[in-house]
Amino acid sequence: MLWGTTFLVVHTAMQYAGPLFFVGFRFTTAGLLCLLIFHRSMRELSWQEAKAGAAIGLLIFLGYGLQTHGLQSVSASQSAFITALYVPTVPLLQWLVLRNAPHPMSWLGIALAFSGLVLLTGPQPLAGLEGLAGLAVGAGELASLLAALVFAAEIILIGKYAGQVNLQRVTVVQLLVGGLFSFAAMPVAGEALPAFSWVWLACALGLGTASVLIQLTMNWAQKAVSPTKATLIYAGEPIWGGLVGRLAGELLPALALLGAGLVVLGAVVSELRPCFKRWARLLPLPRQ
């Protein structure tokens, strides 16, 4: 729920600050807040925890930087549903990295989610790629799509380290690394410091607090919940993003709403594992 509501807040803040500065301020604030809470525990920080936190923090910087950049030109609702593509993407990345072949239901989920993406991005052909007619991917949509891939990698990485490290120390490191990488990238991207505004300050502080709760919950919960089950639960994120956007007055066209539904359906279907043998036992036997 918290994750879904952040889209509208970020979309609002982008009218007053650049994406890298905002991501940097948001996650540095979150990291310092987390450090204040867990400062005693940080004395026992191990090299493995520092390495895990830095790797996850790098993905936080890339994922949220791309997502925030996309929110400069797409609505909060649209960004939320495009970002949800990370759910069916997790099995694909596990296949490429861990050599675990996706389940047939994962392929069905990917097909549904991709169909939803086509409807979400509009009916116009993509410039220069006529073979992908039906996809009108602008800069904002493309950034949101790339962010979804990064978030899928983050889910897998958190699942890898969840049972091996102290979640408090890793959370502090990943939040600070994500924020500091964003600040460091500002001169490279040519992004200037924004003029002071109470709007971006309130948004950043509020999201910084939410980020602490979100990352702590993810790191804690995925000790007992597998990456695939976690992604199924996270599929509720775009629904909350869409609801909050609708309450704020955002209206998606009918086809885009259908596409949003297909993306969420694809996210859910990709994690279902029906027992066909059990169903077969329930069917009546043919007469001899």
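Helix 5, helix 6 (104–120) and helix 7 each supply at least two residues of the lining of the second largest pocket. Helices here are DSSP runs (H or I, at least four residues), numbered from the N terminus. A pocket is an open set of points on a 1 Å grid over the protein atoms alone, with protein on both sides within 12 Å along at least five of seven lines; lining residues have an atom within 4 Å of a point. The model is predicted: local features need pLDDT of at least 70, side-chain atom pairs count only at pLDDT 80 or more, and totals for chains, interfaces and linings use all residues. Residues are numbered from 1 along each chain as its sequence is written, and side-chain values use heavy atoms, with hydrogens and water left out.

The second largest pocket holds about 210 Å³ of space. Its lining counts 13 residues, of which Leu85, Thr89, Phe114, Leu145 and Leu149 are the closest to the centre. Helix 7 gives the most to this lining, with five residues. By class, 12 of the lining residues are nonpolar, one is polar and none is charged. Nonpolar covers Ala, Val, Leu, Ile, Met, Phe, Trp, Tyr, Cys and Pro; Asp, Glu, Lys and Arg are charged; the others, Gly among them, are polar.

The largest pocket has a volume of about 330 Å³. Volume is the space filled by probe spheres set on the grid points, which are joined across faces, edges and corners. Of its 16 lining residues, Met1, Trp3, Thr217, Ile233 and Tyr234 are the closest to the centre. Helix 1, helix 9 (198–221), helix 10 (227–234) and helix 11 (237–247) each give two or more residues to the lining. Helix 9 gives the most, with five. The lining of the largest pocket has 12 nonpolar, three polar and one charged residues.

One cavity of 30 Å³ or more is present. A cavity is a set of points where a 1.4 Å probe fits but cannot get out. The largest cavity holds about 60 Å³. Its lining consists of Ile56, Ile158, Tyr161, Ala162, Val165, Leu167, Val170 and Asn219. Seven of the lining residues are nonpolar, one is polar and none is charged.

Aromatic pairs number 12. Rings of Phe, Tyr and Trp (its six-membered ring) pair if their centres lie within 6.5 Å; planes under 30 degrees apart count as stacked, over 60 as edge-to-face and the rest as tilted. The rings of Trp3 and Tyr86 have centres 6.2 Å apart and planes at 45°, so this pair is tilted. Trp3 lies in helix 1 (residues 2–13) and Tyr86 in helix 5 (residues 86–98), so the pair ties together parts that are 83 residues apart in sequence. Trp3 is buried at 10% relative accessible area, and Tyr86 is buried at 1%. Buried means under 20%, exposed over 50%, and partly exposed in between (1.4 Å probe, protein chains only). Ring pairs also link Phe21, Phe25, Phe183, Phe196, Trp198 and Trp200 into a cluster.

Buried residues in helix 5 include Val87, Pro88 and Gln94. Arg99 follows helix 5 with a positive phi near 65°.
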